[in-house]
Amino acid sequence: MFQAVLKDKPVYILGNSGHAWVVIDSMSVKPVGYLSMGVAEQNPYSLEYMGIETDVDLPVWSEDCQFVAGIGNNRVRRLAANAVRANGGVMTTVIDASARVSSSATISGGSYIGIGARINAFARIGEDCIINTNAIVEHECEVGDGSHIAPAAVLLGAVRVGAGTMIGANSVVKEGVRIGNDVQIGAGSVVLENVPDGETWVGNPARKLNK
């Protein structure tokens, strides 16, 4: 099960732009600093820039602290979170107070469960995932590491989503469908059949997009 943000330890967030600000709004303990490739152009929460996650000499690695993911891009978020782990840091999970998570669901570290999201019975959420605003993950679904279920998307019962996949806003995935790794499902799509790794599908019903 996930490790939630603890109030008695300082928090650092990965990233400092739009998605990071959404995550911060859901946190009961605000971050004191952020890690990123560089200094953010905007810093509305006045966070201290600590450096880049891959720098093994950062002083934060020797602190008794915790880290949360605030990066929207799946690949970049996963790389940053794994860099934190490689340096001995612990990725913790943020669950908005308005979200509803079944007591039988499993959420791995580094994930974000957004405003109004629903995760129902025996669903499993991998590491470093985003279950965004008002998204629904129904019973027995599985969401692979580093995937993003965008706002108001719905996974019906027993859907399997691979790692690094994006399910676009307002999409619906039919019960029992398997979606592969590194897949892109366009916003508003209705997915009625299995989707292989690495493909982009759009539409109602969703079909493969030929690039």
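Among the contacts in the chain between residues at least 6 apart in sequence, 24% join residues at least 24 apart, a contact being heavy atoms within 4.5 Å. The model is predicted, with local features requiring pLDDT of at least 70 and side-chain atom pairs counted only at pLDDT 80 or more, while totals for chains, interfaces and linings use all residues. Residues are numbered from 1 along each chain as its sequence is written, and side-chain values use heavy atoms, with hydrogens and water left out.

Two helices and 23 strands make up the secondary structure elements of the chain; helices (H or I, at least four residues) and strands (E, at least two) are DSSP runs numbered from the N terminus. The chain is as compact as a globular protein of 211 residues, because its radius of gyration is 17 Å, close to the 17 Å given by the globule rule for that length. The radius is taken over C-alpha atoms, and the rule is 2.2 Å times the number of residues to the power 0.38. Along the principal axes, the C-alpha atoms fill a box of roughly 50 × 40 × 30 Å.

Of the 211 residues, 48% count as buried. Buried means under 20% relative accessible area, exposed means over 50%, and partly exposed lies in between (1.4 Å probe, protein chains only). The side chains include 16 positive and 21 negative ones, and the centres of the two sets lie 8 Å apart. Lys and Arg count as positive and Asp and Glu as negative, without His or the chain ends; each charge is placed at NZ of Lys, CZ of Arg, CG of Asp or CD of Glu.

An unreviewed UniProt entry carries the annotation "domain: PglD N-terminal" for residues 11–82. UniProt positions are given here in the numbering of this model, feature names are shortened, and annotations may be inferred rather than shown by experiment. The span of residues 11–82 is 24% helix and 21% strand, and its end C-alpha atoms lie 17 Å apart. Val22 is found in helix 1 (residues 18–25) and is partly exposed, with a relative accessible area of 31%. The C-alpha atoms of Val22 and Ile115 are separated by 9.1 Å, although these residues are 93 apart along the chain.

Two histidines also carry annotations. The unreviewed UniProt entry gives "active site" for His139, which lies in the loop between strand 12 (136–137) and strand 13 (142–143). With a relative accessibility of 35%, His139 counts as partly exposed. Beyond residues up to four places away in sequence, His139 touches Asn120, Ala121, Gly157 and Ala158. Glu140 lies in the loop between strand 12 and strand 13 and is partly exposed, at 43% relative accessible area.

The annotation "binding site" in the unreviewed UniProt entry covers His148, a residue of strand 14 (residues 148–149). His148 counts as buried at 9% relative accessibility. Apart from neighbours within four places in sequence, its contacts are Gly72, Asn74, Arg77, Ile130, Asn132, Thr165, Met166 and Ile167.

Backbone geometry was also examined. Most residues other than glycine have a negative phi, and most peptide bonds are trans. Glu140 has a positive phi, near 65°. Phi of Asp128 is likewise positive, near 60°; Asp128 is found in the loop between strand 10 (124–125) and strand 11 (130–131) and is buried, with a relative accessible area of 0%. The peptide bond from Asn204 to Pro205 is cis, with omega near -5°, and Pro205 is found in the loop between strand 22 (200–202) and strand 23 (207–208).

Ala99 is placed in the loop between strand 5 (94–95) and strand 6 (100–101). Ala99 is buried, at 9% relative accessible area, and touches Ile113, Gly114, Gly116, Ala117 and Arg118 when residues up to four places away in sequence are not counted. Ala99 and Val191, 92 residues apart in sequence, are 25 Å apart in space from C-alpha to C-alpha.
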